[in-house]
Amino acid sequence: MNKKRKHKTLWWVFGLIVGCITINLIGSEIATVTGTWLYLDSIGTVISSVLGGYVPGILVGFITNMIKTLFIDPTSVYYGLINILIAVVAAFFAQRNFFKNPLRLLVPIFTTGVLVGGISSVLTWFLYGFATEGISADLANTIFNNTFMPQFGSQISADIIIDLADKALSFLIAFLIIKLIPKSLTDKFILTNWQQIPLSKDMIKRAGKTSVRNLSLRTKILIVLVPSMFVIAIASTIISYQIYVDMTIEDRKEMAKGVTTLETSLIDADKVDEYIEDGEKVEGYKDIENKLQMILDSSDDIQYIYVYRILDDGYHVVFDIDTPELKAAAPGDIVEVEEAIMPYLDDLLEGKEVEPMIYEDRYGWLMSVYSPIYDKNGRCQCYACVDISMKKLYSDGLVFLAKLFSLFFGLFILILAVGLWLTKYHILFPVNTISYSVFHFAHNSEEAMEESARSIHSLDVNTGDEVENLYHAVSKLASDDVKYMRDVQKKNETITRMQSGLIMTLADIVESRDKCTGDHVRKTAEYTLIIMKHMRKLGIYEDMLTEEFINNVYNSAPLHDVGKIHVPDQILNKNGRLTDEEFVIMKEHTTVGAEILDRAIDLVPDTGYLREAKNLALYHHEKWDGSGYPIGISGEDIPLSARIMAVADVFDALVSKRSYKEGMPYEKAMGIIKDGAGSHFDAEIVRAFEDAEDEVRRVAEVNLSGSAPSVSTNQD
């Protein structure tokens with residue numbers, strides 16, 4: 001994409017964002033000045049989402065609330081999530097053409113009203129608790145009978161109604177403004193960042209349909225990005241909350257210590273016995289009690305103030321201050337030690353200082369601080385005690401978590417939207433377009449190939465990263481593909497001729513040495529073809545029996561005994577049974593044959609039938625149960641072609657006349673083959689061989705009569 005054009009597009013989008021933020025702020029100010037119960041601060045968010053997409057809409061919603069936070073209302077920052085959600089919903093429905101007519105507009109209005117109203121109510125409840133008066137409560141009481149609906153439900157219902165009205169008005173105003181903008185301008189507001197030639201909507205759709213084996217790249221990016229951000233948000237929230245709790249507890253400790261310090265300053269340790277015995281009769285007692293009451297009343301966090309002498313039989317009350325929930329004990333009363341204090345009792349009995357204690361008992365969740373009061377001789381006479389309520393820590397913690405959630409989730413959506421937007425233009429579009437172009441690269445003619453190569457060159461991917469490197473590599477490959485196609489075709493023709501000549505040459509060499517082998521290689525080739533045709537008919541190893549495989553096996557079958565070229569004539573053509581030593585030499589024809597074919601494969605490495613020829617030569621004497629040679633492999637570890645050849649080879653050896661034996665009758669030979677199923681042979685292949693009885697008999701009889709069989713490569 002031309003850089004000047006790209007910058008011009010960005011300026012249009014920038015103008016859209018600034019203009020829509022201004023619309024939001026004006027709407028908010030109108031609502032404030034007129035005192036209406038509508039908000040009117042999301043009209044610009046809707047406009048930017050419909051015209052520009054997710055990122056401009058989310059930016060408008062986010063920045064609007066940041067500006068309101070800095071200059072109008074500091075609490076607006078916690079409602080940034082609301083405006084961001086409005087942007088997401090508006091962009092989602094705009095991409096699905098719900099802003100084409102007013103009737104379809106009801107769907108995004110209703111969705112936004114319910115979603116935003118519900119979330120806004122829950123967020124408000126966490127932050128401040130529900131207000132029981134005002135327009136929300138009035139609407140709730142008018143429409144719903146509070147006798148049947150709890151306050152929470154009433155408030156949510158009222159907020160949803162307000163939001164439905166607000167969003168209906170905001171969406172309709174946004175709809176009218178959008179309709180007034182010429183179509184030629186609306187296209188300029190779409191935020192793009194093409195790193196290649198811009199694609200048409202149809203091309204975007206076609207390129208996006210690229211099939212994948214597992215997960216798409218977009219899905220994988222989401223799988224990495226979303227959990228990572230979520231984990232970071234959760235970890236940040238937990239850490240922030242823990243810091244908040246720790247700081248709050250430290251503040252409570254400092255408050256409690258300050259209170260006990262004031263208590264200590266009021267108490268005359270040398271008069272503790274008198275306080276316990278005579279209480280208010282002691283001079284100054286009532287004055288101290290009044291001051292302790294003032295300290296108690298100074299903060300809602302201070303739940304109880306008292307002064308105790310701690311002895312083995314319990315707390316001896318020196319001072320105890322009344323509270324609305326609990327009447328104070330009288331001086332000299334003995335109060336039972338609370339269970340939560342028991343771990344600290346030994347130190348308290350010895351007059352030692354103890355750390356602040358946090359516990360929950362029948363009086364609530366408390367922090368208790370006991371500070372010893374010493375007389376002039378340094379002896380602990382009693383403890384100045386204060387119980388600080390920790391209940392507010394829980395409620396304040398919920399407020400803190402709600403604020404964190406709103407901030408983190410709003411930023412989460414913003415970062416995710418920007419990340420996906422950049423990913424789409426820097427990775428997904430280029431990769432999908434390259435993939436689509438390569439997948440549809442035409443090879444049916446030279447002209448089609450050249451056209452496909454020009455199409456790839458015209459993409460002009462310029463991401464400046466590994467994707468661009470991939471594009472240049474693919475572009476070069478396309479050019480090279482066109483350039484060398486004719487050479488490849490010529491080489492393929494040459495290789496084909498070389499393959500045909502090689503197999504015939506090797507077969508002729510074998511035939512010239514073994515007077516029996518010439519007939520044998522032709523017959524076994526015919527048997528393999530018959531077996532493979534009937535395997536396909538019976539559905540045996542059907543996925544492996546491709547046309548290419550059948551042709552390769554049939555064409556390479558004559559080479560299965562090529563290794564016999566290495567066997568001495570006196571052993572190869574011996575009239576009689578071989579000795580053990582001679583049989584060892586004879587068995588070497590399998591490995592020698594594989595070596596010969598290996599050398600051929602080195603010369604023509606891409607020839608499939610030579611690889612099958614090697615499999616046949618090396619493994620055709622292996623047995624299903626692993627007792628064969630030369631390696632002793634078993635079952636399906638033996639290549640399928642060799643398992644087929646094993647049946648054909650043994651059967652032909654049984655029915656054929658050799659220098660050392662007469663040919664065996666068909667029935668007897670077939671019986672031996674059947675007996676070997678599951679031990680010597682693959683039972684499934686034997687089943688196919690049995691199924692082909694008529695064809696096998698015909699080949700066997702024709703060969704036994706000395707006539708060459710009619711061999712056809714037609715697989716139908």
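Glu684 is partly exposed, with a relative accessible area of 32%. Keep in mind that this is a predicted model. Glu684 belongs to one of the charged pairs described below, as a partner of Arg687.

**Salt bridges**

- The structure contains 21 salt bridges.
- Arg687 and Glu684 form one of them, and their closest N and O atoms are 2.9 Å apart.
- Both residues sit in helix 24 (residues 683-691), three residues apart, so about one helical turn separates them.
- Asp41 pairs with Lys68, and here the closest N and O atoms are 3.0 Å apart.
- This pair links distant parts of the chain, since Asp41 is in the loop between helix 1 and helix 2 while Lys68 is in helix 3, 27 residues apart.
- Asp41 is buried at a relative accessible area of 15%, and Lys68 is buried at 9%.
- Arg309 forms a salt bridge with Asp273, with the closest N and O atoms 2.6 Å apart.
- Arg309 is in strand 1 and Asp273 in helix 11 (residues 272-278), so their pairing ties together parts that are 36 residues apart in sequence.
- Arg309 is buried, with a relative accessible area of 15%, whereas Asp273 is partly exposed, with 47%.
- A network of salt bridges links Glu280, Lys286 and Glu289.

**Strand 1 and its partners**

- Strand 1 (residues 302-311) has nine of its ten residues buried, so the rest of the structure largely encloses it.
- Strand 1 runs antiparallel to strand 6 (residues 380-389), joined by six bridges; Ile302 has Ile388 as its bridge partner in strand 6.
- Strand 1 also runs antiparallel to strand 2 (residues 314-320), again through six bridges, and Tyr308 stands opposite Val317 in strand 2.
- Two residues lie between strand 1 and strand 2, which form a hairpin.

**Nonpolar cores**

- The largest nonpolar core has 52 residues, of which Val46, Ile47, Ile58, Phe99 and Ile413 touch the most other members.
- Several helices each supply at least two residues of this core, including helix 1 (3-34), helix 5 (106-128) and helix 7 (151-180).
- Helix 14 contributes the most to this core, with eleven residues.
- Beyond its neighbours within four places in sequence, Ile47 is in contact with Leu16, Cys20, Ile23, Ala174, Ile177 and Ile178.
- Another core lies apart from the largest one and has 39 residues, among them Val650, Phe651, Leu654 and Val699.

Definitions and conventions. Residues are numbered from 1 along each chain as its sequence is written. This is a predicted model: local features need pLDDT of at least 70, side-chain atom pairs count only at pLDDT 80 or more; totals for chains, interfaces and linings use all residues. Side-chain values use heavy atoms; hydrogens and water are left out. A nonpolar core is a set of buried Ala, Val, Leu, Ile, Met, Phe, Trp, Tyr and Cys residues joined through side-chain atoms within 4.5 Å. Buried means under 20% relative accessible area, exposed over 50%, partly exposed in between (1.4 Å probe, protein chains only). Helices (H or I, at least four residues) and strands (E, at least two) are DSSP runs, numbered from the N terminus. Contact means heavy atoms within 4.5 Å. Two strands pair if DSSP finds at least two bridges between them. A salt bridge is a side-chain nitrogen of Lys or Arg within 4 Å of a carboxyl oxygen of Asp or Glu.
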